[in-house]
Amino acid sequence: REDLAAAVREGALERLRPEERDAIVGRIGMALSYEELAETLGRPTPNAARSAVVRALLRLEEEMGRARG
């Protein structure tokens with residue numbers, strides 16, 4: 001959660017697409033299970049939700065790297 005707070009401070013989270021932001025906030029910020037997250041995100045399976053989170057975290061890492069320059 002500290003990394004999520006850092007991402008918010010750096011503005012990196014806001015630069016993500018809404019669906020990427022929702023995936024990260026749902027999983028890390030709200031501690032939803034992958035099953036709950038799949039339902040929330042409209043994904044067909046928990047594995048699809050897990051994949052969405054992984055992709056979103058990779059994008060967040062990119063954005064944080066850009067912010068740090």
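Helices here are DSSP runs of H or I with at least four residues, and strands are runs of E with at least two, numbered from the N terminus. By that rule the chain of this predicted model has 4 helices and 0 strands. Read along the sequence, the pattern is α-α-α-α.

**Overall dimensions**

The C-alpha trace spans about 35 × 15 × 15 Å along its principal axes. A compact globule of 69 residues would have a radius of gyration near 11 Å, and the value of 12 Å for the chain agrees with this. Among contacts with a separation of 6 or more, 52% join residues 24 or more positions apart.

| Property of the chain | Value |
|---|---|
| Residues that count as buried | 35% of 69 residues |

**Helix H1**

Helix H1 covers residues 2–10, and its buried residues are Leu4, Ala6 and Ala7. Seen down the axis of H1, these buried residues fall within an arc of 160°, so they line one face of the helix. In general, an α-helix has 3.6 residues a turn, so residues three or four places apart point the same way. On the other side of H1, Glu2 and Arg9 are exposed. Just after H1 comes Gly11, which takes a positive phi of about 80°.

**The nonpolar core**

The largest nonpolar core has 17 residues, of which Leu13, Ile24, Leu37, Leu60 and Met64 touch the most other members. Two or more residues each come from H1, helix H2 (18–29), helix H3 (34–41) and helix H4 (46–68). H4 gives the most to this core, with 5 residues.

Which residues does Leu13 touch, not counting those up to four places away in sequence? The list is Leu4, Ala7, Val8, Arg21, Ile24, Val25 and Leu60. Two residues in that list, Leu4 and Ala7, are also buried residues of H1. Ile24 and Leu60, likewise in contact with Leu13, are named with Leu13 among the core residues that touch the most other members.

**Gly65 in helix H4**

Gly65 is found in helix H4. Is Gly65 buried, partly exposed or exposed? Its relative accessibility is 41%, so Gly65 counts as partly exposed, the class that lies between under 20% for buried and over 50% for exposed. Gly65 and Ala52 are 13 residues apart in sequence, and their C-alpha atoms are 20 Å apart in space.

Key: Residues numbered from 1 in each chain as written. Predicted model: local features only at pLDDT ≥ 70, side-chain atom pairs only at ≥ 80, totals over all residues. Heavy atoms only, no water. Buried < 20%, exposed > 50% of the residue type's maximum accessible area, 1.4 Å probe, protein only. Arc of directions from axis to C-beta. Core = buried A, V, L, I, M, F, W, Y, C linked by side-chain atoms within 4.5 Å. Contact = heavy atoms within 4.5 Å. Rg over C-alpha atoms; globule rule 2.2 N^0.38 Å.
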